[in-house]
Every structure is written in C-alpha cells, then in structure tokens.
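Please look over the sequence and the model shown here before reading on. The briefing is meant for a reader who is new to this structure.

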Amino acid sequence: MFKASRTFFALPLEEKMKLDKADVQAAQNDHNRGYEVMYGQMIEKDTKPDLKEGYYVAQDLPADHPQVLSKKFAHGPNIWPESLGPHFRETCMNYLNQVTELTEKVMQAIGISLGYDEHYFDEFCTEPMAFYKLLHYPPQPSDADALQRGIGAHRDFGVITLLLQGDVPGLEVWDEETKSFYPAPPLEGAYVVNLGNLFEQWTNDKYVSNVHRVINKSGAERYSIPFNYNGNPDFVIKCIETCRERPEDEKYAPISVEDYVRQKYKDVYGRVGIYKVADKGTEKVAGKFLDTLDKAATAASVRVH
C-alpha cells in the first residue's frame with residue numbers, strides 16, 4: 001500500500017487536481033472521495049492549515065445504490081487517477097476490504113470487553129460508513145511557523161480508527177498526567193488503534209478517545225494510512241447499558257452516526273474554507289476551491305512543498 005501511496009502523491013499536481021474533492025463539476029464533496037489538497041484542513045483550532053495532502057477511498061458505490069440516492073454522507077463512487085490504471089484501483093480496494101474485516105474483528109473483541117458476545121456490534125457493522133486516507137506529510141520546514149502542524153492536535157471524532165504508519169516517525173500522543181506529547185514511533189506490522197469521540201460517547205466516557213497529532217521533523221517524507229470506521233450511517237448511538245447503572249446516568253443524547261460525522265466534517269473543513277459539506281436533507285452542496293492552491297499556501301504562511 002505504501003508503494004501505491006508514494007506513486008499517487010508523486011503524480012503531477014495538475015493530475016491530482018483532476019480528482020480534487022472540491023471539483024464542482026465532479027461534485028464529489030458529499031461522497032468524501034478523491035484528492036485533498038495540501039493545507040485543505042485545519043484540525044486544531046487557532047493553528048495553521050495542516051501540512052499534508054490526502055487521497056480518500058471507500059466502498060465504490062454506484063449512483064443507483066440506495067444509500068447514494070438518499071444522499072447519505074460519504075457514500076458514492078470513488079474517483080481514480082487514470083494514469084495509474086486498474087492495478088492501483090485493485091490494490092486500494094483489496095486493502096479496503098482487508099482492513100474493514102480486521103476492524104470488525106476488533107469491534108467483536110471490544111463487544112466482549114463490554115460484557116457482551118462477539119455479535120453485539122453486528123447491526124452497527126451492517127453497510128458501514130468506512131474509508132481510509134492515503135496521507136503524505138512533507139518534512140516540516142526549519143523556518144515553519146510555531147503553529148504549523150502536519151495535522152493538529154485532535155481526537156478522532158468517529159467510532160474507531162486503525163492507523164498504519166510507514167517507516168517515518170511524527171505521530172505524537174498526549175499524556176494527560178505529564179501534560180505533554182510523547183512519540184508513538186512506527187512498529188513494523190502493527191496498527192495504532194484509536195477509539196474516537198463517538199465511541200467515548202457511546203460508552204458514557206468509559207472508554208477514552210485520546211489526543212494526538214503529527215509533526216514531521218524527520219527531514220523525510222512521511223506516509224500513513226488511517227482507516228476510519230463509523231458503522232451504519234442510520235445506526236443511533238445510545239449509551240451502552242453496561243456503561244451506566246441507571247438510565248438517568250447517561251451523559252449524552254442519542255444521535256445517528258451520519259448526523260454526528262457530517263457535523264464534525266463541516267467543522268474541520270469550515271476552518272479553512274476550501275471544502276464545504278452539505279447539510280443533511282438539502283440539495284448537494286459541492287465544495288468550491290478558493291481560487292488556487294497558492295492561496296491555500298498563503299493562508300498557511302509557509303512554503304508549498
């Protein structure tokens with residue numbers, strides 16, 4: 001997968017921009033597919049736009065699929081770079097299927113840890129909203145602004161993430177006890193597993209969503225592949241019974257997966273303004289690229305790599 005990722009990001013910018021998530025003609029924004037430009041997100045408030053570029057892949061759903069017709073967020077067809085041919089597509093989709101199966105096995109284990117059997121999350125795992133991002137982090141410039149991050153400090157806002165790192169460090173995890181970040185270096189053949197905010201809410205704060213960030217100070221190009229699994233978009237997240245003694249102990253109101261995830265995407269993209277996410281129940285609002293990539297770089301106040 002990392003070979004495929006390096007090949008993709010080595011493509012000329014003009015070719016990658018043909019797959020841009022903000023392309024009005026392609027209208028890909030509701031599908032959450034394709035290329036995300038450098039500085040396209042600002043995950044951490046009051047910092048600089050993130051020094052990374054990405055490429056989103058999910059289940060390749062046709063236009064007449066029920067979830068697409070009902071305009072479910074992040075459901076639709078993938079968009080592929082023509083020059084990389086069918087091998088790139090097959091590699092990406094094979095990985096998606098394998099990591100989806102692995103994540104669902106992790107969910108089975110979590111179900112058991114909560115006092116249920118391995119089938120507890122089966123309904124949640126039906127036709128899941130799940131995707132991964134090929135991510136490329138250029139080296140942090142020596143003269144970068146103090147607020148520049150590869151990706152700012154954040155907690156994953158969905159249910160569960162399986163992160164595959166390459167061989168270049170940069171991931172840092174917040175330690176609440178020492179009030180500091182510590183490195184989480186890559187381990188060959190291992191995934192980093194993060195439970196997200198929505199799962200913390202689901203367990204009434206019994207399981208914790210941790211804070212992490214990436215700053216690539218290695219001097220080398222960093223590649224990683226986070227897989228975000230959020231379950232069926234219509235599934236309603238309501239406090240798991242083993243995570244509270246009485247109904248009145250529940251800290252959060254029920255919410256559907258789609259409503260929660262859609263709003264969080266609106267928040268993180270809205271801080272930069274390059275991409276827009278439609279409100280649920282409205283006509284599709286395509287993202288709009290604000291002038292050029294140069295303007296995004298100017299907003300970041302650092303040099304484009």
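This is a predicted model: local features need pLDDT of at least 70, side-chain atom pairs count only at pLDDT 80 or more; totals for chains, interfaces and linings use all residues.

Residues are numbered from 1 along each chain as its sequence is written, and side-chain values use heavy atoms, with hydrogens and water left out.

**Pockets**

- The largest pocket has a volume of about 570 Å³ (a pocket is an open set of points on a 1 Å grid over the protein atoms alone, where a 1.4 Å probe fits, with protein on both sides within 12 Å along at least five of seven lines; a volume is the space filled by probe spheres set on the points).
- Its lining consists of 34 residues (those with an atom within 4 Å of a point), and Ile43, His154, Arg155, Asp156 and Phe157 lie nearest the centre of the largest pocket.
- Among the elements that each supply at least two residues of this lining are strand 4, strand 9 and helix 6 (257-270), while strand 10 gives the largest share, five residues (helices, H or I, of at least four residues and strands, E, of at least two are DSSP runs numbered from the N terminus).
- By class, the lining of the largest pocket divides into 16 nonpolar, 10 polar and eight charged residues.
- The second largest pocket holds about 190 Å³ of space, and of the 14 residues that line it, Gln59, Leu61, His75, Glu127 and Pro128 are the closest to its centre.

**Strand 3**

- Eight of the eight residues of strand 3 are buried, so this strand is largely enclosed by the rest of the structure (buried means under 20% relative accessible area, with a 1.4 Å probe and protein chains only).
- Ala130, Tyr132, Leu134 and His136 point one way from strand 3, whereas Phe131, Lys133, Leu135 and Tyr137 point the other way.
- Strand 3 runs antiparallel to strand 2 (residues 53-58), joined by six bridges, and Ala58 stands opposite Phe131.
- Six bridges also join strand 3 to strand 10, again antiparallel, with Phe131 opposite Asn228.

- Four strands form an open sheet in the order 4-9-6-7, with antiparallel pairing (two strands pair if DSSP finds at least two bridges between them).
- The edge strands, each pairing on one side only, are strand 4 (151-154) and strand 7 (180-183).
- Strand 4 pairs with strand 9 (residues 212-214) over two bridges in the antiparallel sense, and His212 in strand 9 is the bridge partner of His154.

Notes:
Ala, Val, Leu, Ile, Met, Phe, Trp, Tyr, Cys and Pro count as nonpolar, Asp, Glu, Lys and Arg as charged, and the others, Gly among them, as polar. Buried means under 20% relative accessible area, exposed over 50%, partly exposed in between (1.4 Å probe, protein chains only).
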